[in-house]
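Hi there,

Here is the structure I promised to pass on to you. Please open it beside this email and follow along as you read.

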Amino acid sequence: MAPSSNLRRPSHVICREESEGRESNEDTQPSRNSSMSSSSRHAPDDSALHVKSPFSGQIGTRCEGGRSWFSMFAAVCLVLLVFDRAPGAEAVNRGLRKRRSQTPPEPPTSNATTAMDSAITVKLPAVPPFKVGRISVPHSDLTLSRIAYGSLHFPEFKDNVTGLTAALEACQKVGVTTIDLADVYGWIEDGHGAANDIFAEALKASPGLRSKLELVTKFGIRLSGGYHIDLSPEWIHESLDRYLTLFDTDYVDVLMIHNPDPNMDVQAVAQAFKEIKEARKARAFGISNFHQWEYEALRDAMAAEGLKLSVHEMETSVLHPDRITDDTVSYFSTGENELRILGWGALGGDPYGGSNLLFGSEGEREKRIVETLALKGQELALEEDAGLGKKQTVTFGPDEVAVAWLLHHPGNIVPIIGTTAVARLMAQTTPAEKIPFRDLDFDDIMSALHY
């Protein structure tokens, strides 16, 4: 997925020099010009060229009281003389003279990512600038975060558990606690995938993390001997026990059938779910990619055992709005059939792990959708306090608007996002709090989605 072009430079970044333990002179001494703006203090002119005085352990250009002006002047002249005779000094001096003759450039004022990001170290803020909300799950005591984090791309963190830990930490900062998992992601053998392996390592590396998350665990797809669905009671129990052992936990939050099986024995599935519920190994049960009649058959069988389904995961996005336009979302989000809907592929991701089908496509329809999202992101721009009495305009990238579009639907869809880039992950959660989305904006985008 292409990164948002409108990510702001985080306010919580620190210069690499500062992260290495250096202190700037303006932090250690009172400034003689306290009214100097932040921009002018950091302008790339001669004031940025610090000379380390031989008479002081400080880095600076100003001398302190009690020192001889003559001694300081002599020392500086000596340093300059040595520098002037050093190899290559003339080329450097020509460059400095050229810099003095130019007007210092203005610091960037847009919220776009710039080349200077390579010279900063990003640290997550102690208090996040926003947090996504929470939403209840029907027929259970469970709540989910308003946006979920998908594990399809977790195999990219192979041999880099710290990278996944950082992504999960970022999720925690913005309130994303629901993790969508499947034993077929990064398939190694039936019931065993690389995505779950690396996630298990992250849980082990972060004691206490499991209790802060809601785990949505999908099962049923088998690839040995060719693709097929196995919903036998034996495989249901075996799949769940694999999750419990691997994640070192006593329960999962949602146990979910990954895909429907036309030959499903609904009574046998319902009986297996009842045994799991009585053993307190799952808090809720869900389905994924089911048609209405498949759901109704399982719903009725579970009702006979005193159980109810709670969650339905389906493909839902600006790229594939079919489940919205054909009223599938409405059917599963209202009345007696109300389930909590999780939207996979929320940003056009390829379910087989390939390039993004929306932002990575050259198709005319895809380009039109992205352009519409980008224009809407400009239209919904906000003004924020940039400090020092200044304001800055914050626009939103097309991926952020795509998430906001799903969040605005009255069906209370929980979008699943799956980027492995921490900055992008944090940016894509801003719609839950910031974007002032209206019904008119939803309709404007919908009109651009027609084939």
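Helix H9 (residues 266–278) lies across strand E11 (214–219), E14 and E15, and runs at about 155° to E15. Lying across here involves contact, meaning heavy atoms within 4.5 Å. The angle is taken between axes, which are lines fitted to C-alpha atoms (for helices over the stretch in contact), and runs from 0 to 180 degrees between N-to-C directions. Helices (H or I, at least four residues) and strands (E, at least two) are DSSP runs, numbered from the N terminus.

Before you go further, please keep in mind that this is a predicted model, where local features need pLDDT of at least 70 and side-chain atom pairs count only at pLDDT 80 or more, while totals for chains, interfaces and linings use all residues. Residues are numbered from 1 along each chain as its sequence is written, and side-chain values use heavy atoms, with hydrogens and water left out.

**The barrel**

E11, E14 and E15 belong to a closed barrel of eight strands, in the order E7-E8-E11-E14-E15-E16-E17-E20, with parallel pairing. Two strands pair if DSSP finds at least two bridges between them. Neighbouring strands of this sheet are turned by 30° against each other on average, direction ignored.

Strand E15 (residues 282–288) is mostly covered, with six of its seven residues buried. Buried means under 20% relative accessible area, exposed means over 50%, and partly exposed is in between (1.4 Å probe, protein chains only). On one side, five bridges join E15 to strand E14 (residues 252–257), and the two run parallel. E15 is also joined by three bridges to strand E16 (residues 311–315), again in parallel. You can follow this at Ile 287 in E15: Ile 257 stands opposite Ile 287, and in E16 the bridge partner of Ile 287 is His 312.

Is Leu 181 buried or exposed? Leu 181 counts as buried because its relative accessibility is 0%. Leaving aside neighbours within four places in sequence, Leu 181 is in contact with several residues, including Ser 151, Phe 199, Thr 217 and Tyr 243. Leu 181 and Thr 217 are 36 residues apart in sequence, yet 5.0 Å apart in space, C-alpha to C-alpha.

**Two helix pairs**

H9 also packs against helix H8 (residues 233–246), at an angle of about 35° and with the axes 9 Å apart. H8 passes H9 in a right-handed crossing. A crossing is left-handed if the near helix is turned anticlockwise from the far one by less than a right angle, and right-handed if clockwise. Pro 233, Ile 236, His 237 and Leu 240 in H8 meet residues of H9, among them Ala 268, Phe 273 and Glu 275.

The second pair is helix H14 (residues 398–408) and helix H16 (residues 439–447), which pack at an angle of about 115° with their axes 10 Å apart. Here, H14 passes H16 in a left-handed crossing. Val 401, Trp 405 and His 408 of H14 make the contact with Asp 439, Phe 442, Ile 445 and Met 446 of H16.

**The whole chain**

Stepping back, the protein chain has 16 helices and 20 strands. Buried residues make up 43% of its 451 residues. Of the contacts with a separation of 6 or more, 75% are between residues 24 or more positions apart.

Enjoy exploring!
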